[in-house]
Amino acid sequence: MGFFSFLFLGLIAGAIAKLILPGKHGGSWFVTLLLGVVGAMLGGWLGGLIFNVSLEGFFNLSTWALAIGGSIIVLLIYGMVTGRKTKS
């Protein structure tokens, strides 16, 4: 997958991860989208390490699942570091 398609995938994965996670999130949408790109990289790395799957094709379901899963992990870690508030 090319650099720009990977960047676009990470941006969308970050937005979807922010919608999935409950509660208020620290940081702006820009920060969330950047964390989504980092999460997509993390998801691709973990997918290759654990499941022997990589982020090869833009339209593969496994590519999207790994990118969104990685973005959720990164957003959760970011929330723990910055003290994210959850809804009661």
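A crossing of two helices is right-handed if the near helix is turned clockwise from the far one by less than a right angle. I noted that before opening the model, which is a predicted one.

**Entry 1: overview.** I looked up the elements of the chain. I found 3 helices and 0 strands. From the N terminus on, the order reads α-α-α. I then checked burial. Of the 88 residues, 38% count as buried. The chain exposes about 5,400 Å². Carbon and sulfur atoms supply 74% of that area. Next I took contacts between residues at least 6 apart in sequence. Of these, 71% join residues at least 24 apart.

**Entry 2: α1 with α2.** For packed helices I want two values, the angle between the axes and the distance between the axes. Helix α2 covers residues 29-51. Its axis lies 7 Å from that of α1, at an angle of about 115°. The crossing of α1 and α2 is right-handed. I listed the residues that meet. α1 brings Phe6, Leu7, Gly10, Leu11, Gly14, Ala15 and Lys18. α2 brings Trp29, Thr32, Leu33, Gly36, Val37, Ala40 and Met41. I sorted this contact by class and got 9 nonpolar, 4 polar and 1 charged residues.

**Entry 3: α1 with α3.** Helix α1 spans residues 3-20, and helix α3 spans residues 61-82. Their axes come within 8 Å and cross at roughly 60°. That angle makes α1 oblique to α3. The crossing of α1 and α3 is right-handed. On the α1 side I wrote down Leu9, Ile12, Ala13, Gly14, Ile16, Ala17, Lys18 and Ile20. On the α3 side I have Thr63, Trp64, Ala67, Ile68, Ser71, Ile72 and Leu75. The classes here are 11 nonpolar, 3 polar and 1 charged. I went back to Gly14 and Lys18.

**Entry 4: leucine 35.** Is leucine 35 buried or exposed? Leucine 35 is found in helix α2. Its relative accessible area is 15%. Buried means under 20%, so leucine 35 counts as buried. Which residues touch leucine 35, leaving aside neighbours within four places in sequence? I found Val74, Leu75 and Tyr78. Last, I checked leucine 35 against glycine 10. They are 25 residues apart in sequence. C-alpha to C-alpha, they are 8.2 Å apart in space.

Terms used:
Residues numbered from 1 in each chain as written. Predicted model: local features only at pLDDT ≥ 70, side-chain atom pairs only at ≥ 80, totals over all residues. Heavy atoms only, no water. Axes fitted to C-alpha atoms, helices over the stretch in contact; angles between N-to-C directions. Helix = DSSP H or I, 4+ residues; strand = E, 2+ residues; numbered from the N terminus. Parallel < 35°, antiparallel > 145°, perpendicular 65-115°, else oblique. Contact = heavy atoms within 4.5 Å. Nonpolar A, V, L, I, M, F, W, Y, C, P; charged D, E, K, R; others polar. Buried < 20%, exposed > 50% of the residue type's maximum accessible area, 1.4 Å probe, protein only. Areas by Shrake-Rupley, 256 points an atom, 1.4 Å probe, with all protein chains shown as cover.
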